[in-house]
Amino acid sequence: MNLTKTKHLHSTINSHKILPHRRGNLLIGCGVVILIFLILAGVGTYFVVSNLRTWAADATTSGIDKVLIKAKIDPAEHAEIMAHVDNLMERFVEGEVEWAEFGNIADELMHSPVIPAALVIGIDQLYFSKSGLPAEEQAQARIELARYTQGLFDESLPPNSINEVLAPVITNTPDKDDIKLNMKLDQNGRTITALKSADKVSDDELRTLIATAKAKADEVGVTQTPHEIDLSDEIERAIGIALGEIEDDSIDADATEIEDAVEDLPDSPDPDDGP
């Protein structure tokens with residue numbers, strides 16, 4: 001590749017925002033489903049306790065199992081996820097996996113399809129399955145939410161659009177039954193963001209949530225049949241990449257995309273060739 005063409009590529013990349021990306025940079029603050037794994041796995045605190053590894057592993061395994069049961073994950077998928085978790089925790093207890101590596105695993109999961117999938121499962125179990133929406137409408141609602149989260153993951157939709165989609169089920173004045181997501185302190189004081197409990201969310205509010213998710217997905221042309229995400233496979237992959245046991249082929253894919261963009265660019269005339 002000649003120097004002139006390389007400069008042209010850099011200019012084109014910057015002007016058209018063709019930036020290399022890892023996987024969708026999606027950071028959603030919903031405390032549902034798999035996020036308990038991220039919270040527990042991300043704790044890198046060191047204690048001088050001889051059986052800490054065993055205690056932490058048992059607590060994490062038990063916590064994830066309870067969340068999966070509550071989320072009503074397919075039994076076969078549940079078993080596969082727990083097999084990966086059990087294997088990871090056994091290696092942790094044996095000292096093969098260190099505390100710091102859990103941070104790498106959490107990062108991989110946060111940049112994987114697991115979080116969008118968890119959002120769909122979480123909203124479904126929190127609201128759709130407890131609503132008065134007919135079964136057919138619930139099924140379509142899951143599809144529209146999956147389409148929206150696919151847009152979040154592939155970055156065709158901005159992460160902050162989640163605020164608009166979830167607006168009908170969000171409250172800043174939570175009570176003990178609501179699910180607190182985060183707290184923000186600023187010049188206006190303390191603001192707590194929480195998901196309303198199901199008994200405070202009407203079917204019409206859920207329809208607004210679904211319609212907004214659909215509109216967002218439609219705006220960027222997300223397919224009407226979103227990709228089905230295999231949670232157990234994605235969790236296994238995230239663990240493998242974080243521990244350096246699986247090659248992160250998404251980096252190679254990004255490099256290929258950029259190389260293809262280079263090949264498609266017309267050759268720029270040499271400055272010495274004149275007009």
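How are helices α4 and α10 oriented to each other, roughly parallel or roughly antiparallel? The two helices are roughly parallel, as the section on helix packing sets out. The model described here is predicted. The secondary structure of the protein consists of 11 helices and three strands, and 41% of its 275 residues are buried.

**Overall architecture**

- Along the sequence, the elements follow the order α-α-α-α-α-α-α-α-β-β-β-α-α-α.
- Of the contacts between residues at least 6 apart in sequence, 73% join residues at least 24 apart.

**Packing of helices α4 and α10**

- Helix α4 covers residues 75-93, and its axis comes within 8 Å of the axis of α10.
- The two axes cross at roughly 15 degrees. Angles under 35 degrees count as roughly parallel, and α4 and α10 are therefore described as roughly parallel to each other.
- The crossing of α4 past α10 is left-handed.
- On the α4 side, the residues in contact are Glu77, Glu80, Ile81, His84 and Leu88. They meet Leu231, Ser232, Asp233, Ile235, Glu236 and Ile239 of α10.
- Sorted by class, this contact contains five nonpolar, two polar and four charged residues.

**Packing of helices α6 and α7**

- Helix α6 spans residues 114-126 and helix α7 spans residues 135-153. Their axes lie 9 Å apart and form an angle of about 150 degrees.
- This angle makes α6 roughly antiparallel to α7, since angles over 145 degrees are placed in that class.
- Helix α6 passes α7 in a right-handed crossing.
- The contact brings Pro116, Leu119, Val120, Ile123 and Asp124 of α6 together with Arg142, Leu145, Ala146, Thr149 and Phe153 of α7.
- In this contact of α6 with α7, seven residues are nonpolar, one is polar and two are charged.

**Salt bridges**

- The protein has a count of 14 salt bridges.
- Lysine 200 pairs with aspartate 175, and their closest N and O atoms are 2.2 Å apart. Lysine 200 is in the loop between β3 (189-195) and α9 (203-219), while aspartate 175 is in the loop between β1 (170-171) and β2 (179-186), so the bridge ties together parts that are 25 residues apart in sequence.
- Arginine 207 forms a salt bridge with aspartate 204, with the closest N and O atoms 3.4 Å apart. Both residues belong to helix α9, where they are three residues apart, or about one turn of the helix.
- Within this pair, arginine 207 is partly exposed at 33% relative accessibility, whereas aspartate 204 is exposed at 55%.
- Arginine 237 and aspartate 248 form a further salt bridge, in which the closest N and O atoms are 3.9 Å apart. Arginine 237 lies in helix α10 (residues 231-242) and aspartate 248 in the loop between α10 and α11 (249-264), so the pair connects parts that are 11 residues apart in sequence.
- Arginine 237 is partly exposed at 21% relative accessibility, but aspartate 248 is buried, with a relative accessible area of 11%.
- A network of salt bridges links Glu144, Arg147, Lys214 and Asp218.

**Individual residues in loops**

- Serine 112 is located in the loop between α5 (99-110) and α6, and serine 112 is buried at 3% relative accessibility.
- Serine 112 and leucine 231 are 119 residues apart along the chain, and their C-alpha atoms are separated by 9.9 Å. Leu231 is also one of the α10 residues that meet α4.
- Glutamate 155 lies in the loop between α7 and α8 (161-166). Although glutamate 155 is not a glycine, it has a positive phi of about 70 degrees.
- With a relative accessible area of 39%, glutamate 155 is partly exposed.

Technical notes: Residues numbered from 1 in each chain as written. Predicted model: local features only at pLDDT ≥ 70, side-chain atom pairs only at ≥ 80, totals over all residues. Heavy atoms only, no water. Salt bridge = Lys/Arg side-chain N within 4 Å of Asp/Glu carboxyl O. Helix = DSSP H or I, 4+ residues; strand = E, 2+ residues; numbered from the N terminus. Buried < 20%, exposed > 50% of the residue type's maximum accessible area, 1.4 Å probe, protein only. Axes fitted to C-alpha atoms, helices over the stretch in contact; angles between N-to-C directions. Parallel < 35°, antiparallel > 145°, perpendicular 65-115°, else oblique. Left-handed = near helix turned anticlockwise from the far one by under 90°. Contact = heavy atoms within 4.5 Å. Nonpolar A, V, L, I, M, F, W, Y, C, P; charged D, E, K, R; others polar.
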